[in-house]
Amino acid sequence: MQKLLPVALNWGVTTIRMTGNDKPEIMHVYEAAKAGTFVSPSVYSAGQGFNLTGPYPGAPTLKPTTPEEARKGVQAHKAVKVDFIKIWMGDKGFTPDVVEAIVDEAKKQSIPVVAHIGNVAHVRQLAELGVTDFMHEARDGMNPEFILYAKSKGLSFAPTLGQGQSRWYYYEHPEIVAMDPKFDGFYARGRAMLGDPARRQEIVGAVIAALDLQIP
């Protein structure tokens, strides 16, 4: 990250929100960036997010199974000076009492909550607890009724359309990684993934198949 942040700034990125994959041992890098120790965009981190099933194998996320574990996890976040708490909601996500404990303890510790959601039920569950900041969108509920509800609760959504596109963009345009200024901060595993023909076929093939389904 200490290599990536200056590269991101060189590409014109002035603010970064790290949403849930930062281990405690990396948090000092963000503290140094905020202190001006090295050139960096403004950076905000959730530390390790709360996620039972991902977002990828081996992800450094917290997986509390009880409200007590959830509160301890939030308190540990406070100790490493996170800027917000990230929670992933899903069909196989946390039980309601664990979700309530995460949100309630975050309030007690004066830490905002940002939530990954996929449907209206997730949004309503969290909004009723006071959460207002959501990543992605409620794909099953973009209708006037839901929009009125979101406005009444003061909800905001980051649709992350660029993130969705980036899943296949670099496979379609591998030359961009070699453009100046070079992506010197690009992590080694990422470069290896971009150079893997089988993974390229898997990603691009999935996009083509999805498009075929949408074309009558």
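This is a predicted model: local features need pLDDT of at least 70, side-chain atom pairs count only at pLDDT 80 or more; totals for chains, interfaces and linings use all residues.
Guide: Residues are numbered from 1 along each chain as its sequence is written, and side-chain values use heavy atoms, with hydrogens and water left out.

Visitor: What makes Asp83 and Lys34 a salt bridge?

Guide: The term requires a side-chain nitrogen of Lys or Arg within 4 Å of a carboxyl oxygen of Asp or Glu. The closest N and O atoms of Asp83 and Lys34 are 2.9 Å apart, so the pair qualifies. Asp83 is in the loop between helix H3 (67-79) and strand E3 (85-88), and Lys34 is in helix H2 (residues 27-34). Helices (H or I, at least four residues) and strands (E, at least two) are DSSP runs, numbered from the N terminus.

Visitor: Why is Glu105 called buried?

Guide: Buried means under 20% relative accessible area, exposed over 50%, and partly exposed in between (1.4 Å probe, protein chains only). Glu105 has 5%, so Glu105 is buried. Its salt-bridge partner Arg71 has 24% and therefore counts as partly exposed.

Visitor: How do you know whether Glu128 is buried or exposed?

Guide: The relative accessible area of Glu128 is 51%, so Glu128 is exposed. Glu128 forms a salt bridge with Lys153, at 3.5 Å between the closest N and O atoms. Lys153, at 34%, is therefore partly exposed.

Visitor: How many salt bridges does the structure hold?

Guide: The structure holds six.
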